[in-house]
Amino acid sequence: MTNQQLFIRKAIKLSLENVQTGKGGPFAALIVKDNNIIASGTNLVTSLNDPTAHAEIIAIREACKILGTFQLEGCEMFSSCEPCPMCLGAIYWARLSKIFIASIIQDAAEAGFDDLLIYSEFSKQIHERKIPMTLMPQNEALAAFKEWKEKRDKIRY
């Protein structure tokens, strides 16, 4: 059995344990670097009352804390399920090198976790979304972007 197979099986095992303990939904993720598990996370949405406490987010936060960085280049994620839109965004922002998944979004949808609505919202204009967005004082907000562009000592991410 390869290390990759061991890691994905560990993520699956953690997702099952998470359901059995009642801490949250059936999701778990590992962050691996150089064939070592750096961090793990399970879905803690209901136990923390935090809709952002998805397994992948928890694992990313922990790995960043352990490694002392906000980018996880050279790290791989092993997730019990294909990431939701929020987690996928975080994975891209964290610059993970690769993702291994044990199930897909259709599997999650059959269990009651349907992300297809969120995916479909991305292609809509902001005023056509289920939760409409209203553009407010855009010109005033642009001042922060202007200052960021001119800042010489910024840390890019």
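User: Which strand pairs with β3, and in what sense?
Analyst: In this predicted model, strand β3 (residues 75–79) pairs with strand β4 (residues 98–101) in the parallel sense, over four bridges. Two strands pair if DSSP finds at least two bridges between them. Helices (H or I, at least four residues) and strands (E, at least two) are DSSP runs, numbered from the N terminus.

User: What stands opposite Phe78?
Analyst: Phe100 in β4 stands opposite Phe78.

User: How should I read the numbering and the values?
Analyst: Residues are numbered from 1 along each chain as its sequence is written, and side-chain values use heavy atoms, leaving out hydrogens and water. As the model is predicted, local features need pLDDT of at least 70 and side-chain atom pairs count only at pLDDT 80 or more, while totals for chains, interfaces and linings use all residues.

User: Back to the strands: what is their order in the sheet?
Analyst: Four strands form an open sheet in the order β2-β1-β3-β4, with mixed pairing. The edge strands are β2 (36–42) and β4, each of which pairs on one side only.

User: Which helix packs on that sheet?
Analyst: Helix α1 (residues 3–21) packs on the sheet and touches β1 (28–33), β2, β3 and β4; contact means heavy atoms within 4.5 Å.

User: New topic: how many disulfides are there?
Analyst: A search of the whole structure finds zero disulfides, a disulfide being a pair of cysteine sulfur atoms within 2.5 Å. For Cys64, the nearest cysteine sulfur is that of Cys75, 8.2 Å away. For Cys81, the nearest is that of Cys84, 9.3 Å away.

User: Is Cys81 buried or exposed?
Analyst: Cys81 is buried, at 4% relative accessibility. Buried means under 20% relative accessible area, exposed over 50%, and partly exposed in between (1.4 Å probe, protein chains only). Cys64 is also buried, with a relative accessible area of 15%.

User: And how many salt bridges?
Analyst: The search finds four salt bridges; each is a side-chain nitrogen of Lys or Arg within 4 Å of a carboxyl oxygen of Asp or Glu. One of them joins Lys13 and Glu17, whose closest N and O atoms are 3.9 Å apart. Another joins Glu150 and Lys146 at 2.7 Å, N to O.

User: Where do Lys13 and Glu17 lie?
Analyst: Both residues lie in helix α1, four residues apart, which is about one turn of the helix. Lys13 is exposed at 53% relative accessibility, whereas Glu17 is partly exposed at 33%.

Notes. Axes are lines fitted to C-alpha atoms, for helices over the stretch in contact, and angles run from 0 to 180 degrees between N-to-C directions.
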